[in-house]
Amino acid sequence: ALLTEALSLAEKGLKLPDAVETPGPRQFYSRGNQYALLSLVAQIHIETILDTRRGGGQIENLNSRMQAIRSAVDKMTQIIGSAENPTIQKWQGLITLAEGDEVRGIRQLYRAYEQFKALDQPEERSQIDPLLCYVLAEEMADRNVFGMQKEFLEKALFNRNSISNWKPKAWIDYARLLLISRNFREAVMVVGAYESAFGSSPETQEIRLRSYIEAGFTEEAETIISALDPDLPETQKLQLLLINKKILDTQIQLSRVGESDQPEVSEEQIRAELDRMQDQKLSLFLRLLASDKALADRGFLAVTCQQWLQEGRIESARTLVEAGLAAFPEETGLSILARQLAEPDPKSLSDERVNQITEDAIKAIEDPRRRGISLARYYQSQGRYSDALEIYSGLAEENAEDAEIVGTYYELLLNQEQTDRAEKIARQARDKNLDGCEGSFYAARLEMARNHYDLALRRLDECLTYR
């Protein structure tokens, strides 16, 4: 609602005398006002499109929004006087991104970023357009490119016109990056500053508590969690993180029983406490799956079940696997565990039996693409490369424009030194531009496999002209 109101005010402002360019002493002043308002109109439309698309929603009035963006950018180009200006190139990249051409849009935005970056001075706040940096950071986050995401986000935040002035949530994004890089103290400081200005939220609480837990401050974390509503799924998620950390610490304590520097606690006491915490962990998992399964970490759940199976906590593992499959029926890892737990003696299965169960579970996946990729990856993990190649060959033929399938098949061919077959794939990749640089990356990998490093470098240089 606020964005809609801001857009309406900006559009009305463009009609005011101070934003209408007329020859005379105030022409430069009017032109500046007009540019600022046009920039705001384009930005609101673009951010609405990108945020809605990223959230999986339906974009309303897409065509009229795109028309408004193009009109605003055309007028800004006239004001600046050159389409080669990096600011205009930024807007062109944002238009391309809004149109849905992500590869070309990111390429255009990065070129503008490089031009702006050349103007930055060491030890000074960045002068790069903060919107440009933030959009690139979000695109890198979607692709899990951590290093580049951090660079772009820092340029957006530590800027002469910080993105946080109108997007304070960027500080939460940054705190998450600090948490990932294990800079716990800095993450807590960033969250604290954000909460001082905007108050606490489930996101900031999670970052703060994760930082405390990962840093080993479990008592501080427990104090904070005890003040939260235990019936909220967000609280249950945080309680799971805490109990898991305490279990890990207790397992370490158990392994050191009898050492001279350890407290005089019997092994039986430690095991009893460990059993109690494992039961609490199961209870929390079940409550979270029942209240809001979207907050449950599937990988964490599967690893927990696997650990319980190995430790002989069979009933706990069965209970959690059943609940997990009810919430996530397509989760292959849980399906494999369910089959293992259905065996007479799940803890003592031979490697051959586990392998057969795993293969059967993967072959039962309904979606043919996911089944094929999963089976090929499993065969690779078992060293059955000819079987993996056979599957990828069929997948690549059926999905000739699927960059993930074709790229993985290509890398496997190169690893198995089947360069003749790989060369055919490289030609197909060039024809269909699967790598976003007219096949140059595929060609570079092929030359590297043939030990033609000079040719490979030339091909990589060609990639840079596209990317």
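**Close-ups of a predicted model: helix pairs and salt bridges**

View 1. Axes are lines fitted to C-alpha atoms, for helices over the stretch in contact, with angles from 0 to 180 degrees between N-to-C directions. Helices themselves are DSSP runs (H or I, at least four residues), numbered from the N terminus. Before you go on, two notes on the numbers: this is a predicted model, where local features need pLDDT of at least 70 and side-chain atom pairs count only at pLDDT 80 or more, while totals for chains, interfaces and linings use all residues. Residues are numbered from 1 along each chain as its sequence is written, and side-chain values use heavy atoms, with hydrogens and water left out.

**View 2. Here is where α2 and α3 touch.** Sort the contact residues by type and you get 13 nonpolar, 4 polar and 3 charged. For this sorting, Ala, Val, Leu, Ile, Met, Phe, Trp, Tyr, Cys and Pro are nonpolar, Asp, Glu, Lys and Arg are charged, and the others, Gly among them, are polar.

**View 3. Helices α8 and α10 are roughly parallel to each other.** Their axes sit 10 Å apart, at an angle of about 20°. From α8 come Ile 172, Ala 175, Arg 176 and Leu 179, which meet α10 residues including Glu 203, Ile 207 and Arg 210. This contact divides into 4 nonpolar, 2 polar and 4 charged residues.

**View 4. Glu 203 and Arg 176 form a salt bridge.** The term means a side-chain nitrogen of Lys or Arg within 4 Å of a carboxyl oxygen of Asp or Glu. In this pair the closest N and O atoms are 3.8 Å apart. Glu 203 belongs to α10 (residues 202-215) and Arg 176 to α8 (residues 170-180), so the partners are 27 residues apart and link distant parts of the chain. Glu 203 is partly exposed at 32% relative accessibility, and Arg 176 is partly exposed too, at 28%. (Buried means under 20% relative accessible area, exposed over 50%, and partly exposed in between, with a 1.4 Å probe and protein chains only.)

**View 5. Asp 231 pairs with Arg 287 in another salt bridge.** Their closest N and O atoms are 3.5 Å apart. Asp 231 lies in the loop between α11 (218-226) and α12 (233-255), while Arg 287 is in α13 (residues 267-292), so the bridge ties together parts 56 residues apart in sequence. Asp 231 is exposed at 55%, whereas Arg 287 is partly exposed at 33%.

**View 6. Asp 51, Arg 54, Glu 102, Glu 138, Glu 139, Asp 142 and Arg 143 are linked in a network of salt bridges.** The whole structure holds 43 salt bridges.

**View 7. Glu 267 is found in helix α13.** Leaving out residues up to four places away in sequence, Glu 267 touches Leu 254 and Val 257. Glu 267 is partly exposed, at 35% relative accessible area.

Technical notes: Contact means heavy atoms within 4.5 Å. Helices (H or I, at least four residues) and strands (E, at least two) are DSSP runs, numbered from the N terminus. Angles under 35 degrees count as roughly parallel, over 145 as roughly antiparallel, 65 to 115 as roughly perpendicular and the rest as oblique.
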